[in-house]
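The following note sets out several points on the side-chain packing of the model under review. It is arranged as numbered paragraphs for reading alongside the coordinates.

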Amino acid sequence: MQIAIVIILIIVIVGLIIYNLRIHKKIQTFKNINQKITNLSVVQDFMTAIGESTSVDDKIKKINEILIEKYEIKYSTIVVFDGAEYVVKASNVDERHWQSLKSLQDVEMFKDSIATATPKYVTVNKSNERLPYQKMEFGRAKSAIFFPLYIDNVYIGYWIIESGVPHDFDNVDTTVLEVIKDNIVSVLKTVTHQKTLESIVRTDLFSGLYSEEYLYGEGKKIIDQYTTSTICMFKIINLEEINKKYSRELGNEVIRQISRKIKDNLSDTYVFVRYMGPKFVIAFSGVDTDSVADFINDLKNSLEKEKISLNDENGNIIENQETNVILNFVLSTYYKGTGIDEVLKKLEEYLDNASKTESDITNI
């Protein structure tokens with residue numbers, strides 16, 4: 001009888017062990033699925049942030065906020081080398097501590113991490129201790145993980161997460177953090193081109209207008225405040241002839257006066273740039289093509305009727321230095337979230353292939 005009871009107990013115990021193992025496996029599977037869902041959600045949020053009509057710096061700040069929220073990170077800081085110095089691009093740490101946070105590449109314990117492209121985990125054992133890289137701080141961070149960042153094997157900066165609890169990252173899943181780090185690198189790599197465009201925006205010497213690159217950065221932020229806008233490109237089709245027949249100085253004066261007169265007639269919510277050579281672009285933010293057409297028609301007629309001349313120091317017209325302009329306009333609708341460069345390419349192609357005698361307003 002006792003033997004039977006013992007056997008039954010053994011069977012029950014074995015059954016419970018098997019059951020617990022299955023439950024544990026299911027829990028682990030659930031955790032893995034849940035983690036994958038979180039990672040996917042973060043990637044989607046990253047892509048949304050990249051697609052927003054904001055500056056590169058604003059996008060990096062946004063992804064740092066996403067990391068803090070989604071993964072419940074206490075402190076997160078992204079530092080990038082801009083070619084001259086290390087800059088804190090995003091951080092939820094008080095700004096008074098940024099000087100030490102952007103100097104971590106000089107801290108001995110992180111140099112090997114940078115050289116080997118591997119994370120570095122540091123922590124204290126007691127709450128009254130501080131991390132070695134902290135110069136003025138005592139109570140903020142007690143554990144941290146340092147991640148060097150590389151784009152195509154080129155070191156560009158680092159990401160550091162911190163906690164106010166000693167040994168808080170002892171059991172953290174480093175594979176998840178590596179995925180997050182890779183996503184940060186992907187975002188930084190994606191916005192590199194935009195940063196380049198933002199840095200090379202210039203003001204054109206003759207027209208006083210921003211160059212084409214402005215459309216892809218600050219200009220796009222203004223345009224994308226609306227769902228649809230009208231993009232207008234026009235060409236001074238007789239500019240080359242003016243340069244040859246009269247003088248390049250008169251051609252430059254034509255550019256100056258046409259730019260000034262159009263700008264004086266535009267709302268501040270519209271974007272006006274010198275696109276290239278004799279071509280200019282006006283982005284009518286939030287306005288449809290039908291509404292723009294009448295305005296453009298009146299503007300075109302007014303500009304083409306006026307004589308543009310070079311004057312001497314006494315205000316007299318220099319002989320043989322007076323001309324009219326001939327303008328060709330083309331319009332198209334731009335939808336927020338789509339490629340504005342594709343719209344511009346289509347408009348430019350139309351103007352370049354149009355007859356030199358064409359002077360019209362076309363909607364494509």
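**Notes on aromatic pairs and nonpolar cores**

1. At a relative accessibility of 35%, Asn297 counts as partly exposed. Asn297 is found in helix H9. Its C-alpha lies 7.2 Å from that of Ile361, although Asn297 and Ile361 are 64 residues apart in sequence. These values, like those below, come from a predicted model.

2. The structure holds 16 aromatic pairs. One of them joins Tyr121 and Phe169 in an edge-to-face arrangement, with 6.3 Å centre to centre and 70° between the planes. The pair links distant parts of the chain, 48 residues apart: Tyr121 belongs to strand E3 (residues 120–123), whereas Phe169 sits in the loop between strand E5 (154–163) and helix H5 (174–199). Tyr121 is partly exposed, with a relative accessible area of 31%. Phe169 has a relative accessibility of 12% and counts as buried, because the cut-off for a buried residue is under 20%.

3. How are the rings of Phe234 and Phe280 arranged? Their centres are 5.1 Å apart and their planes stand at 10°, so the pair is stacked; the cut-off for stacking is an angle under 30 degrees. Phe234 lies in strand E7 (residues 228–236) and Phe280 in strand E9 (residues 279–284), so this pair ties together parts that are 46 residues apart in sequence. Phe234 is buried, with a relative accessible area of 0%, and Phe280 is likewise buried at 0% relative accessibility.

4. The largest nonpolar core has 27 residues, of which Phe234, Ile236, Ile258 and Ile262 touch the most other members. Two or more residues of this core come from each of E7, helix H7 (239–245), helix H8 (248–264), E9, helix H9 (289–305), strand E10 (308–311) and strand E12 (327–335). Helix H8 gives the most, with five residues.

5. Which residues does Phe234 contact, leaving aside its neighbours within four places in sequence? They are Ile258, Ile262, Phe272, Pro278, Lys279, Phe280, Ile282, Leu327, Asn328, Phe329 and Leu351.

Key: Residues are numbered from 1 along each chain as its sequence is written. This is a predicted model: local features need pLDDT of at least 70, side-chain atom pairs count only at pLDDT 80 or more; totals for chains, interfaces and linings use all residues. Side-chain values use heavy atoms; hydrogens and water are left out. Rings of Phe, Tyr and Trp (its six-membered ring) pair if their centres lie within 6.5 Å; planes under 30 degrees apart count as stacked, over 60 as edge-to-face and the rest as tilted. Helices (H or I, at least four residues) and strands (E, at least two) are DSSP runs, numbered from the N terminus. Buried means under 20% relative accessible area, exposed over 50%, partly exposed in between (1.4 Å probe, protein chains only). A nonpolar core is a set of buried Ala, Val, Leu, Ile, Met, Phe, Trp, Tyr and Cys residues joined through side-chain atoms within 4.5 Å. Contact means heavy atoms within 4.5 Å.
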